[in-house]
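Here are my notes on the model, as numbered points to read with the structure open.

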Amino acid sequence: MKKRVSWFCVLLICLLCGCNDDMKVRETVTYTVNKPVYMSSDIFRSSVKVTTQPEEITQQGKICFYDGYLYMSEPGKGIHIINNRNPSSPAVVGFIELLGNADLAIRNDLLYADSYVDLVWFDISNPAVPALKSRLENVFPQSYPPIEEGIIDSEVFSEAGRAKGIVVGWTQEEVTKTYEYYKDELYCNDMATSPGNSSGSSSTGVNGSMSRFGLYKDYLYVVLNNQMDIFDLSGAEPVVAAETVPVGWNVETIFSYKDYMFMGTPTGMLIYSVEDPVKPEYQSAMAHIYGCDPVVVEDDIAYVTVHSGNNCGQNSNELIILDVSNVKSPQPIVAYTMTKPKGLGIDNGTLFLCDDGLKIYDAADPQTLMANRLAHYSGMEGYDVIPHDNVLMMMAEDGIYQYDYSNLKEIRLLSKLAVKK
């Protein structure tokens with residue numbers, strides 16, 4: 001019997017003791033192995049380029065707003081610099097070529113970004129021309145290019161693999177193996193982990209809800225897969241502030257609120273206290289049906305979206321609202337069925353939700369949210385939003401949309417900066 005199996009179940013561990021031969025089963029399985037493409041560490045780390053020549057935006061990514069500029073990470077490629085001082089006429093004015101970039105955060109004129117296994121930072125006091133400062137090497141050892149299917153070749157996790165350089169891509173190879181095992185003694189385990197895939201002050205950038213970077217006081221928190229890394233930003237350059245914190249649950253997003261970090265995972269929401277910034281303390285978890293979900297919080301009310309059509313293994317599409325005034329025991333308030341929600345933002349009681357385009361609600365009373373929709377703009381697939389100073393910046397599949405919501409009765413489109421397909 002020949003069978004094709006998916007990446008999450010390919011290893012058959014057989015217990016052979018005390019079994020009869022007539023209980024033995026022979027099975028042939030075929031699966032995809034992602035073989036690493038390496039780049040030497042020196043070439044990888046010298047590949048950073050900053051240019052004032054705008055690059056075309058070809059794929060949506062994470063966004064951060066700081067001091068009149070919008071910075072957009074294009075997955076794997078780098079960061080687009082957009083002059084947004086006039087939201088009616090945004091202009092791409094530069095590009096940071098940064099291999100393996102997925103996320104960013106900004107504090108005190110310094111932009112921090114990941115570059116696969118490294119943390120890199122830039123001086124953006126001249127925002128149109130960032131200056132590379134330095135990098136911390138190998139602080140994200142579990143960061144690899146995303147895979148579409150199959151498993152990761154185990155060489156990647158070995159000393160021999162790490163000696164070859166930085167993994168910057170994959171080639172795929174089909175492998176067929178025959179296993180023998182005994183009935184009722186079959187085990188199936190993962191062989192690999194699929195890699196990643198608050199209002200700001202004058203000195204802190206405002207991130208979208210899909211970010212894996214969170215800021216609190218003088219610290220940067222980065223979540224990836226099942227762990228959280230903490231960096232102290234108080235000195236001339238960042239330093240690792242504590243040992244990596246295992247948080248589990250494949251954390252995908254992080255949101256800083258008061259003295260807490262709210263994290264979105266495929267199975268729910270996690271809350272950690274960062275009152276002691278270098279010793280995060282688990283407070284509680286809110287579990288739900290599998291689904292990818294960002295979290296935002298305002299006035300002790302948390303808003304969580306769950307969406308289908310991804311690797312999270314479910315078909316539910318919901319907006320979940322919770323009372324988190326007691327972080328040790330969050331209380332569900334209400335859940336609403338949505339079309340396919342993704343990123344969201346909250347500003348002074350107005351909720352912005354990427355769902356069938358963009359939906360805007362008066363969130364004063366969560367129980368009557370659906371009856372208090374202020375606007376719905378369809379025709380695009382929204383990914384994430386940043387509401388700031390009465391301007392809503394939305395990253396969508398086909399571009400960056402901006403809306404003036406200073407008058408909630410007359411919300412109006414200011415501009416669209418297209419993403420080239």
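1. Let's begin with a charged pair: Lys 62 forms a salt bridge with Asp 103, and their closest N and O atoms are 3.0 Å apart. Lys 62 sits in the loop between β4 (49-51) and β5 (63-66), while Asp 103 sits in the loop between β8 (91-97) and β9 (104-107), so the pair ties together parts that are 41 residues apart in sequence. Are these two partners buried or exposed? Lys 62 is buried, with a relative accessible area of 13%, and Asp 103 is buried too, at 0%. Please keep in mind throughout that this is a predicted model.

2. Next, have a look at helix α1. The side chains of Arg 45 and Asp 118 meet in a salt bridge of 2.6 Å, N to O. Arg 45 belongs to helix α1 and Asp 118 to strand β11, so this pair ties together parts that are 73 residues apart in sequence. Both Arg 45 and Asp 118 are buried.

3. Lys 359 counts as buried at 8% relative accessibility, and Asp 355 counts as buried at 1%. Going back to Arg 45, salt bridges with shared partners join Arg 45, Asp 118, Arg 135 and Glu 137 into one network. How many salt bridges does a search of the whole structure find? The total is 17.

4. Now to the aromatic rings, where the count comes to nine pairs. One of them is Phe 44 with Tyr 116, a stacked pair at 6.1 Å centre to centre, with 25 degrees between the planes. This pair links distant parts of the chain: Phe 44 is in helix α1 (residues 41-45) and Tyr 116 is in the loop between β10 (110-115) and β11 (118-123), 72 residues apart. Phe 44 is buried at 1% relative accessibility, and Tyr 116 is buried at 9%.

5. Tyr 272 and Tyr 282 make an edge-to-face pair, 5.7 Å centre to centre with 75 degrees between the planes. Tyr 272 is in strand β23 and Tyr 282 in strand β24 (residues 281-287), so the pair ties together parts that are 10 residues apart in sequence. Tyr 272 is buried at 8% relative accessibility, whereas Tyr 282 is partly exposed at 45%. Elsewhere, ring pairs link Tyr 144, Phe 157 and Trp 170 into a cluster.

6. On to the nonpolar cores. The largest has 30 residues, and Phe 262, Met 269, Tyr 303, Leu 319 and Leu 351 touch the most other members. Elements that give two or more residues to this core include β21 (253-257), β23 (268-273), β27 (318-323) and β30 (350-354). Which element supplies the largest share? That is β26, with five residues. A second, separate core has 18 residues, among them Leu 70, Val 92, Ile 400 and Leu 417.

7. Phe 262 deserves a click of its own. Leaving aside neighbours within four places in sequence, its contacts include Ile 254, Phe 255, Met 269, Ile 271, Val 297 and Val 324.

8. Lys 342 lies in the loop between β28 (331-337) and β29 (344-347). Lys 342 is buried, with a relative accessible area of 13%, and a polar contact of 3.0 Å joins its side chain to that of Glu 381. Beyond neighbours within four places in sequence, Lys 342 is also in contact with residues including Pro 294, His 307, Cys 354 and Tyr 383.

9. A word on cysteines: the count of disulfides comes to zero. Cys 64 is buried at 0% relative accessibility, and Cys 354 is buried at 1%.

10. Finally, two backbone details to check by eye. Most residues other than glycine have a negative phi. Asp 299, which is not a glycine, has a positive phi of about 50 degrees. Asp 299 is found in the loop between β25 and β26 and is exposed at 61% relative accessibility. Asn 348 also has a positive phi of about 50 degrees without being a glycine. Asn 348 is found in the loop between β29 and β30, and at 69% relative accessibility Asn 348 counts as exposed.

Notes
Residues numbered from 1 in each chain as written. Predicted model: local features only at pLDDT ≥ 70, side-chain atom pairs only at ≥ 80, totals over all residues. Heavy atoms only, no water. Helix = DSSP H or I, 4+ residues; strand = E, 2+ residues; numbered from the N terminus. Buried < 20%, exposed > 50% of the residue type's maximum accessible area, 1.4 Å probe, protein only. Polar contact = N/O pair within 3.5 Å; in protein donor to acceptor, adjacent residues only side chain to side chain. Contact = heavy atoms within 4.5 Å. Core = buried A, V, L, I, M, F, W, Y, C linked by side-chain atoms within 4.5 Å. Phe/Tyr/Trp six-rings, centres within 6.5 Å; stacked < 30°, edge-to-face > 60°. Disulfide = S-S within 2.5 Å. Salt bridge = Lys/Arg side-chain N within 4 Å of Asp/Glu carboxyl O.
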